[in-house]
Amino acid sequence: MLFKGDPMKAIVQTVYGSPDVLQLAEVSLPRVPDNGVLVKVHATSVNAGDWYLMRGSPFFVRLMFGGLRKPKIPTLGMDVAGTVAAVGRSVTQFKPGDAVFGDTSEAGFGGFAEYVCAPESTFVHKPNQISFAAAGTVPVAAVTALQGLRDCGHIQPGQTVLINGASSGVGTFAVQLAKAFGAEVHALCSTEKMPIVRQLGADQVIDYRQTDITQTSVQYDLIFDAAAYRSVFHYFSILKPQGTYVLVGGSIGRLLRLMLFGGLISRLRPQTIKVLSVKPNQADLLVLCDLLAAGKIKPAIDRTYSLSEVPIAIRELEQRQVTGKIAIVI
Ligand SMILES: NC(=O)c1ccc[n+]([C@@H]2O[C@H](COP(=O)([O-])OP(=O)(O)OC[C@H]3O[C@@H](n4cnc5c(N)ncnc54)[C@H](OP(=O)(O)O)[C@@H]3O)[C@@H](O)[C@H]2O)c1
């Protein structure tokens, strides 16, 4: 039996900074509100968003999440896969013992801990076919890839799609999802990450250090950019007139500029420009559950760490040493 205030282990931070500011500490179990589900976390993962919030940089994230001088979120970690330990009085979808997974980023984060509490709308039932470790890598990265391709990109079977940043957590799901949507997929990544991206089913894997994609003759229906470190103008020559460019991730400066001016550029050019702002939701997690259960997508897990090794995992992610996802198993 668990009680509010019982101790649990969590990764906490009281100041912004490098992974050294992350400490494994004993904190109190969260309170379970009426609509809350308390989950015993079996697995989580690290995402680019975790290290932005750990550093409080770019400054924009402090404005978005509060905590101008010091972090407002004591324990980061968006992705969660685990077992329901307790439910609030008004919860209808889950009961203790259920295996669930979800994205806690709209519920105060907290995945880097032994327990996390979030509204029931955060979670869905985990498919039996996948492990907790695999499920813990899915919510943020795969929902981002899904919404970028389907909702912003309106991806169609037979289209030729370019995934930039194909080796990232988001990109590795985007490659597989674009294939599942029936597209011809070309993937851009760094040299050493090419074999894994090829294994994910990309029709062509291109090393951006060797090939300037804009000097090739292929014309794309959709460019999904998870590593936008070059201007959108760079890509217009390889985007069909009726094509769509979707900015998903990369430089925050480019993201903000395109949020401000993307509409104007779209009016001046035939191509469509979109900036994704992911919206976690149960319906999209359920779409992913079907694809995972059918084996149509599979998390690309590069390595696995324990809770106390979260700082190592975030450091490696920041240093671009990871292909796909790191699973944190608790
Ligand atoms: N729009 C949204 O709502 C939304 C939601 C979630 C995530 N995102 C964004 O999507 C992006 C991918 O997220 P993620 O968690 O999948 O990232 P990640 O796993 O950390 O992958 C980042 C990868 O991008 C590539 N890259 C190319 N140029 C880079 C550069 N100059 N600096 C750093 N990385 C570079 C690297 O792969 P190579 O070695 O192959 O170059 C790197 O491994 C991030 O920018 C994240 O903020 C956006």
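Q176 lies in helix α5. Helices here are DSSP runs of H or I with at least four residues, strands are runs of E with at least two, and both are numbered from the N terminus. This is a predicted model, in which local features need pLDDT of at least 70, side-chain atom pairs count only at pLDDT 80 or more, and totals for chains, interfaces and linings use all residues. Residues are numbered from 1 along each chain as its sequence is written, and side-chain values use heavy atoms, with hydrogens and water left out.

Is Q176 buried or exposed? Q176 is buried, because its relative accessible area is 7%. The cut-offs are under 20% for buried and over 50% for exposed, with partly exposed in between (1.4 Å probe, protein chains only). Leaving aside neighbours within four places in sequence, Q176 is in contact with L200, K296, I297 and K298. Contact means heavy atoms within 4.5 Å.

Now step back to the whole chain. It is divided into domain 1 (7-138 + 299-329) and domain 2 (141-275). These bounds come from an automatic or database domain assignment. The C-alpha centres of the two domains lie 27 Å apart.

How do the domains meet? In domain 1, 13 residues are in contact with 15 residues of domain 2. The size of an interface is often given as the accessible area lost when the parts come together. Domain 1 and domain 2 bury about 1100 Å² between them, and 63% of it is on carbon and sulfur atoms. That area is found with a 1.4 Å probe and summed over both parts. On the domain 1 side, F60, V138 and T323 lose the most area to domain 2, together 39% of what that side buries.

Across this interface the rule finds zero salt bridges. A salt bridge needs a side-chain nitrogen of Lys or Arg within 4 Å of a carboxyl oxygen of Asp or Glu. The rule does find six residue pairs in polar contact, both residues at pLDDT 80 or more. A polar contact is a pair of N or O atoms within 3.5 Å; within protein, one must be able to donate a hydrogen and the other to accept it, and residues adjacent in sequence count only if both atoms are side-chain atoms.

Next comes the nonpolar interior. A nonpolar core is a set of buried Ala, Val, Leu, Ile, Met, Phe, Trp, Tyr and Cys residues joined through side-chain atoms within 4.5 Å. The largest one has 46 residues, of which L149, I163, V175, F224 and L288 touch the most other members. Elements giving two or more residues to this core include α4 (139-152), α5 (169-180), β11 (220-225) and α8 (282-293). The largest share, seven residues, comes from α4. Each of domain 1 and domain 2 supplies at least three residues to this core.

Look at L288. Not counting residues up to four places away in sequence, L288 touches V138, A142, V143, L146, L177 and I297.

Strand β11 holds Y220. Y220 is buried, with a relative accessible area of 0%. Beyond four places in sequence, the residues Y220 touches include T160, L162, H186, I238 and G243. A polar contact of 2.8 Å joins the side chains of Y220 and H186.

Finish at helix α1 (residues 48-55). Its buried residues are G49, D50, Y52, L53 and M54. What covers them includes β3 (36-45), α2 (60-65), α7 (252-268) and α9 (310-318). G56 follows α1, with a positive phi near 65 degrees.

Technical notes. Buried area is the accessible area (1.4 Å probe) that two parts lose on being put together, summed over both.
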